[in-house]
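Please find below a colleague's note on the structure shown here.

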Amino acid sequence: QVQLVESGGGSVQAGGSLRLSCAASPYAYYNYYMAWFRQAPGKEREGVAAISTAGGRTYYHDSVKGRFTISRDNTKNTLSLQMDSLRPEDTAVYYCATCPLVYADIGCLSGRTNTYNYWGQGTQVTVSS
């Protein structure tokens, strides 16, 4: 059973920072690419950032490049998303998710949801202007 638990969401003013964390069960952590997605009210879920198992390959949505940084700690089974220079349009529920290695070269770093199979419960991020 893969378990993902997000934390670190909250409310912040535009220009501020938040750091999201996702605690993963050890099996998930070592055998999957991982990513952060977000979903705003009335919008489709979109990929924000993704990272390979060893952290050497990453993906970022164009809207967050230069502001968000994805990382993983192999000693603590933790996925993180450092979010700086936050904007009101970043407001959404943020989810961490896992992508099986079989899709590593065809979808895990694409930002699409269709190769991701396990999801956390989500954490709310609200950015006010």
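The points below concern the strands, the nonpolar cores and the disulfides.

1. Basis of the note. This is a predicted model, in which local features need pLDDT of at least 70 and side-chain atom pairs count only at pLDDT 80 or more, while totals for chains, interfaces and linings use all residues. Residues are numbered from 1 along each chain as its sequence is written, and side-chain values use heavy atoms, with hydrogens and water left out.

2. Strand β9. Strands here are DSSP runs (E, at least two residues), numbered from the N terminus. Strand β9 covers residues 92-100, and eight of its nine residues are buried, so the rest of the structure largely encloses it. Buried means under 20% relative accessible area (1.4 Å probe, protein chains only).

3. Partners of β9. Two strands pair if DSSP finds at least two bridges between them. Strand β4 (residues 32-39) runs antiparallel to β9 and is joined to it by eight bridges; tyrosine 32 has proline 100 as its bridge partner in β9. Strand β11 (residues 123-128) is also antiparallel to β9, with three bridges, and tyrosine 94 stands opposite threonine 123 of β11. Two bridges link β9 with strand β10 (residues 118-119) in the antiparallel sense, where threonine 98 is partnered by tyrosine 118.

4. Nonpolar cores. A nonpolar core is a set of buried Ala, Val, Leu, Ile, Met, Phe, Trp, Tyr and Cys residues joined through side-chain atoms within 4.5 Å. The largest has 27 residues, of which Trp36, Leu81, Met83 and Tyr94 touch the most other members. Its largest share, four residues, comes from β3. Apart from this core lies another, of 11 residues, including Ala97 and Cys99.

5. How many disulfides does a search of the whole structure find? It finds two, a disulfide being a pair of cysteine sulfur atoms within 2.5 Å. One joins cysteine 22 to cysteine 96, S to S 2.0 Å, and is right-handed, with 50° about the S-S bond. Cysteine 22 lies in strand β3 and cysteine 96 in strand β9, so the pair ties together parts 74 residues apart in sequence. Cysteine 22 counts as buried at 1% relative accessibility, and cysteine 96 is buried at 0%.

6. Disulfide of cysteine 99 and cysteine 108. These residues are joined with S to S 2.0 Å, and their link is left-handed, with -80° about the S-S bond. Cysteine 99 is buried, with a relative accessible area of 0%, and cysteine 108 is buried, with a relative accessible area of 0%.

How values were computed. Buried < 20%, exposed > 50% of the residue type's maximum accessible area, 1.4 Å probe, protein only.
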